[in-house]
Amino acid sequence: SIDNSKYNIIDPNEGQLYVGWTEPGEWIKLTVDVEESGVYTIGLMYTSNGDGQISFSINDKDMTGLIDVTSTHSVEDPINWRQWHHWNYKEDLAQIKLNKGIQVLTFHTVTNGQMNYDFVSFKQKL
């Protein structure tokens, strides 16, 4: 579960479960019910022990291309295993067009892995 550390970039909600130990080629597939068609910005609460890339597809069609995720590595943290626990939230990571209705959303770990994901947020652009 998520822990607090003085090396976090943002203060996370402690005790939350997250997806971890990611590797390139892995994915998370979810069924979502989009309430209103439009363009949405994607936010991500994550850690990354090195720069990486992710992408999102809808109904198995790539909708974002490669999205860069910057490392949360801190040279100041003396404990090696904690390099995977420096939480950050990136609000405007990318944009995605979503149509109203039930869609199958797939979140892909593309390059590097070594990332942990707490949550993804979608905010409609006005």
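## Salt bridges

A salt bridge is counted here when a side-chain nitrogen of Lys or Arg lies within 4 Å of a carboxyl oxygen of Asp or Glu. This structure is a predicted model, in which local features need a pLDDT of at least 70 and side-chain atom pairs count only at pLDDT 80 or more, while totals for chains, interfaces and linings use all residues. Residues are numbered from 1 along each chain as its sequence is written, and side-chain values use heavy atoms, with hydrogens and water left out.

A search of the whole structure finds 2 salt bridges. In one of them Lys29 pairs with Asp60, and the closest N and O atoms are 3.2 Å apart. Lys29 is partly exposed at 41% relative accessibility, whereas Asp60, at 61%, is exposed, where buried means under 20% relative accessible area, exposed means over 50%, and partly exposed lies in between (1.4 Å probe, protein chains only). The other salt bridge joins the side chains of Asp77 and Arg82, with 2.9 Å from N to O, and here Asp77 is buried at 6% relative accessibility, as is Arg82 at 17%.

## Aromatic rings

Lys29 also takes part in a contact with a ring, since its charged end sits over the ring of Trp27, 5.4 Å from the ring centre; this description requires NZ of Lys or CZ of Arg to be within 6 Å of the ring centre and within 35 degrees of the ring normal.

Rings of Phe, Tyr and Trp (its six-membered ring) count as a pair if their centres lie within 6.5 Å, and planes under 30 degrees apart are called stacked, those over 60 edge-to-face, and the rest tilted. By this rule there are 5 aromatic pairs. In one of them, the rings of Phe56 and Phe122 have centres 6.2 Å apart and planes at 80 degrees, so the pair is edge-to-face. This pair links distant parts of the chain, as Phe56 is in strand E3 (residues 52-58) and Phe122 in strand E8 (residues 115-124), 66 residues apart. Phe56 is buried, with a relative accessible area of 1%, but Phe122 is partly exposed at 31%. Together with Phe107 and Tyr117, these two residues form one aromatic cluster.

## The nonpolar core

A nonpolar core is a set of buried Ala, Val, Leu, Ile, Met, Phe, Trp, Tyr and Cys residues joined through side-chain atoms within 4.5 Å. The largest one has 18 residues, and those with the most contacts inside it are Leu44, Ile54, Phe56, Ile96 and Tyr117. At least two residues of this core come from each of strand E2 (38-48), E3, strand E5 (67-69), strand E6 (88-98), strand E7 (101-111) and E8.

Leaving aside residues up to four places away in sequence, Leu44 touches several residues, including Ile54, Val69, Leu93, Phe107 and Tyr117, where contact means heavy atoms within 4.5 Å.

## Positive phi angles

Trp21, although it is not a glycine, has a positive phi of about 55 degrees; Trp21 lies in the segment before E1 and is exposed at 81% relative accessibility. Gln114, likewise a residue other than glycine, has a positive phi near 60 degrees. Gln114 is found in the loop between E7 and E8 and is partly exposed, with a relative accessible area of 25%.

Key. Helix = DSSP H or I, 4+ residues; strand = E, 2+ residues; numbered from the N terminus.
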